[in-house]
Amino acid sequence: EMGMYLGLPAIVGRSKKMMLEFIKDKVKTKIKGWKGKFLSTEGKEVMLKSVLAAIPTYALSCFQLPDGPCKEITSLFSSFWWGQTEDKRKMHIEKWDRLCDSKSRGGLGYRDLKAFNMALLAKQAWRILSYPDSLLTRVLISKYFPHSTFLDAFTSSTGSWIWRSILWGRDLLLTGLKWRISDGKIINVWTDPWIPRNNGFTPKSIQMQNNLDLKVADLIDEETHT
């Protein structure tokens with residue numbers, strides 16, 4: 001039997017789906033424990049949001065959940081909500097995606113596991129950016145990007161599942177991340193995101209090809225700092 005450490009399997013094998021079976025087992029166990037109890041619609045909502053949805057949270061903050069297990073866990077949530085059991089099938093009147101919409105938009109505010117997974121991994125990526133001297137960051141730097149920055153790091157065939165998952169979360173950050181200008185000496189005018197605008201954070205100019213290494217500092221007047 002696979003040992004557990006901090007709520008996760010101590011050994012991650014080749015099959016991600018098998019490794020994540022423990023999440024499904026925990027969800028099923030919880031649901032079976034409530035099977036014989038009468039739960040109102042409000043009670044089901046509370047149980048789903050506060051208990052069932054919390055079970056995979058730690059794993060989702062470490063690993064990118066494959067589509068297969070994600071759909072299976074979501075199916076368990078949906079079946080519980082509509083009152084479906086192994087012995088009794090029930091019609092799912094509304095799609096789960098619709099129930100994940102906020103209540104202001106007509107949904108019930110349930111978590112979209114895929115989006116929640118990416119948000120948690122983006123938070124891990126933000127911690128790496130925010131705490132460059134932490135033990136985790138120093139270990140990742142020495143192993144995966146000793147000669148580049150975290151934002152420029154890439155995965156490889158030897159990259160671990162956790163590392164590839166963090167990069168997946170980092171990609172979400174990159175869609176809205178921009179530099180805060182100080183002296184501008186390390187910020188490339190053309191390739192680094194630094195200008196707040198609706199269609200991206202980099203300027204567009206036909207002069208780009210003339211000076212690809214132009215820094216923001218080159219545009220700042222040293223006397224007036226403008």
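Student: What makes phenylalanine 145 and phenylalanine 150 buried?
Tutor: Buried means under 20% relative accessible area, exposed over 50%, partly exposed in between (1.4 Å probe, protein chains only). Phenylalanine 145 is buried, and phenylalanine 150 is too. A caveat: this is a predicted model, where local features need pLDDT of at least 70, side-chain atom pairs count only at pLDDT 80 or more, and totals for chains, interfaces and linings use all residues. Residues are numbered from 1 along each chain as its sequence is written, and side-chain values use heavy atoms, with hydrogens and water left out.

Student: Why is aspartate 67 called partly exposed?
Tutor: Its relative accessible area is 47%, so aspartate 67 is partly exposed.

Student: What makes the link between aspartate 67 and lysine 114 a polar contact?
Tutor: A polar contact is a pair of N or O atoms within 3.5 Å; within protein, one must be able to donate a hydrogen and the other to accept it, and residues adjacent in sequence count only if both atoms are side-chain atoms. The side chains of aspartate 67 and lysine 114 meet at 2.7 Å, so the contact qualifies.

Student: Why is the pair of tryptophan 81 and tyrosine 110 edge-to-face?
Tutor: Rings of Phe, Tyr and Trp (its six-membered ring) pair if their centres lie within 6.5 Å; planes under 30 degrees apart count as stacked, over 60 as edge-to-face and the rest as tilted. Here the centres are 5.6 Å apart and the planes at 70 degrees, so the pair is edge-to-face. Tryptophan 81 is in helix α5, and tyrosine 110 is in the loop between α6 (96-99) and α7 (113-130), 29 residues away. Both residues are buried.

Student: Why are phenylalanine 145 and phenylalanine 150 a tilted pair?
Tutor: Their ring centres are 5.9 Å apart and their planes at 50 degrees, so the pair is tilted.

Student: How do you know that arginine 170 sits over the ring of phenylalanine 150?
Tutor: A charge sits over a ring if NZ of Lys or CZ of Arg is within 6 Å of the ring centre and within 35 degrees of the ring normal. The charged end of arginine 170 is 5.9 Å from the centre, and it sits over the ring. Arginine 111 lies over the face of phenylalanine 116, at 4.1 Å from the ring centre.

Student: What makes a set of residues a nonpolar core?
Tutor: The members are buried Ala, Val, Leu, Ile, Met, Phe, Trp, Tyr and Cys residues, joined through side-chain atoms within 4.5 Å. The largest such core has 31 residues; Trp81 and Tyr110 are among those that touch the most other members. Its largest share, 7 residues, comes from α5. Apart from it lies another core of 12 residues, including Phe145 and Phe150.

Conventions
Helix = DSSP H or I, 4+ residues; strand = E, 2+ residues; numbered from the N terminus.
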